[in-house]
Amino acid sequence: MNNKIFPIIVISFFIFIFFIFFKGLNNSNTYKPSDNENKIIPKFSAYTFFDNKLVYSDNIFNQKKFYLLNIWSSWCLPCREEHPLIMNLKENSKIEIIGLNYKDKDKNAKKFINDLGNPYSKILLDEDGTKAIEWGAYGVPETFLIFENKIIKKYIGPLNSELILEIESFVK
Amino acid sequence: MKILKLIFITFLVFSLNYLNADEIDFQNKITKNLRCLICQGQSVYDSDSEFAISVKLVVKNKINAGLSEKEIYNFLTEKYGEWILYDPKLNKNTYILWFLPLLIFLFGGAIVIKKFINIR
């Protein structure tokens, strides 16, 4: 009797293990951060890029309209690529574009804006990258669509024309 | 007198060192348990990427602001999700992970006890 039960337990145990691993095989093992969680935007204060004044986030995102926070840097090549698209988005009056200058040198950032144009209504400074962490950002470029103090959508990496269309469809 | 002064100064230097090291140890303990999300298989402590440098700075600022280890983890999981922690929390997605070793241990123990009784 004892000899019969033991193999059954072992076999059922291995079947159990097999199913766990088999189920695990179907799961994707690449991590993908969720991009629309309706998180409330963080509270922070930052210095502005041109006149070096201290501003609070409460006074920036306080109106009932769409805001686009774009994290950029002059040393970041994809930022250069997406910049013309953001310049075009500036024409859309329903959306206010705010820049967050990430770990940049003042001189280089000013040159970037002078060369490629300024689509931002405000540019905030993030010299040590801590403000980007408050936002839950991974790096540059990264873009957040904000409405009523909530992050509606997060775009990691450069924007392309399809994503711009998506943003415009949100804003409509 | 001179020796006394020297001893006093060395004592002072060492005690200051100790304080500072303690704080860095605490910061390292936290950053070692944080995954560098943009690196492959590295902790925030190990990495020198822009992301990791910023996270280290944020952790340091939070420690200085008087937050506890748990509060810092909560802050970061709120921003980046559970994935940033190396030590997964117990929830419905991870209970197999936590209880399977225990189950295997009990199973093995049962076999050993059974054999032991049989021998007797």
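Q: What pattern does chain A follow along the sequence?
A: Chain A reads α-β-β-β-β-α-β-α-β-α-β-β-α. Helices (H or I, at least four residues) and strands (E, at least two) are DSSP runs, numbered from the N terminus. The model is predicted: local features need pLDDT of at least 70, side-chain atom pairs count only at pLDDT 80 or more, and totals for chains, interfaces and linings use all residues. Residues are numbered from 1 along each chain as its sequence is written, while chains are lettered from A and ligands numbered from 1 in the order in which they are written.

Q: Why is chain A called more spread out than a compact globule?
A: The radius of gyration is taken over C-alpha atoms, and the globule rule is 2.2 Å times the number of residues to the power 0.38. For 172 residues the rule gives 16 Å; chain A has 23 Å, well over that, so it is more spread out than a compact globule. Its C-alpha atoms fill a box of roughly 85 × 35 × 30 Å along the principal axes.

Q: What makes strands S1 and S6 of chain A edge strands?
A: Two strands pair if DSSP finds at least two bridges between them. The open sheet has six strands in the order S1-S8-S7-S4-S5-S6 (chain A), with mixed pairing. S1 (39-40) and S6 (122-126) each have a single partner strand, so one side of each is left without a neighbour in the sheet.

Q: How do you know that S1(A) pairs with S8 of chain A?
A: Two bridges join S1(A) to S8 (residues 150-156), and the strands run antiparallel. The definition asks for at least two bridges, so the pair qualifies. A:Lys39 has A:Ile151 as its bridge partner in S8(A).

Q: Why does A:Lys103 count as partly exposed?
A: A residue is buried if 20 or more other C-beta atoms lie within 10 Å of its own, exposed if 12 or fewer, and partly exposed in between; C-beta atoms are placed from the backbone. A:Lys103 has 19 such neighbours, so it counts as partly exposed. A:Lys103 sits in the loop between S5 (95-102) and H3 (106-116) of chain A.

Q: Why is A:Glu148 partly exposed?
A: A:Glu148 has 13 other C-beta atoms within 10 Å, so it is partly exposed. Its place is the loop between S7 and S8 of chain A.

Q: What makes the backbone at A:Lys103, A:Glu148 and A:Pro141 worth a look?
A: Most residues other than glycine have a negative phi, and most peptide bonds are trans. A:Lys103 has a positive phi of about 45°. A:Glu148 has one of about 50°. Neither is a glycine. A cis peptide bond joins A:Val140 and A:Pro141, with omega about -15°. A:Pro141 lies in the loop between H4 and S7 (142-147) of chain A.

Q: What makes a set of residues a nonpolar core, and which residues have the most contacts inside the largest one?
A: Such a core is a set of buried Ala, Val, Leu, Ile, Met, Phe, Trp, Tyr and Cys residues joined through C-beta atoms within 7 Å. The largest has 42 residues; A:Leu68, A:Ile71, A:Ala132, A:Ile146 and B:Val55 have the most contacts inside it. Elements of chain A that each supply at least two residues include S4 (66-72) and H2 (77-89), and those of chain B are H2 (50-64) and H3 (69-80).

Q: How many residues does each chain give to the contact?
A: Chain A gives 13 residues and chain B 15. Helix H4 (residues 130-135) gives the most on the chain A side, with three residues.

Conventions
Two residues are in contact if their C-beta atoms, placed from the backbone, lie within 7 Å.
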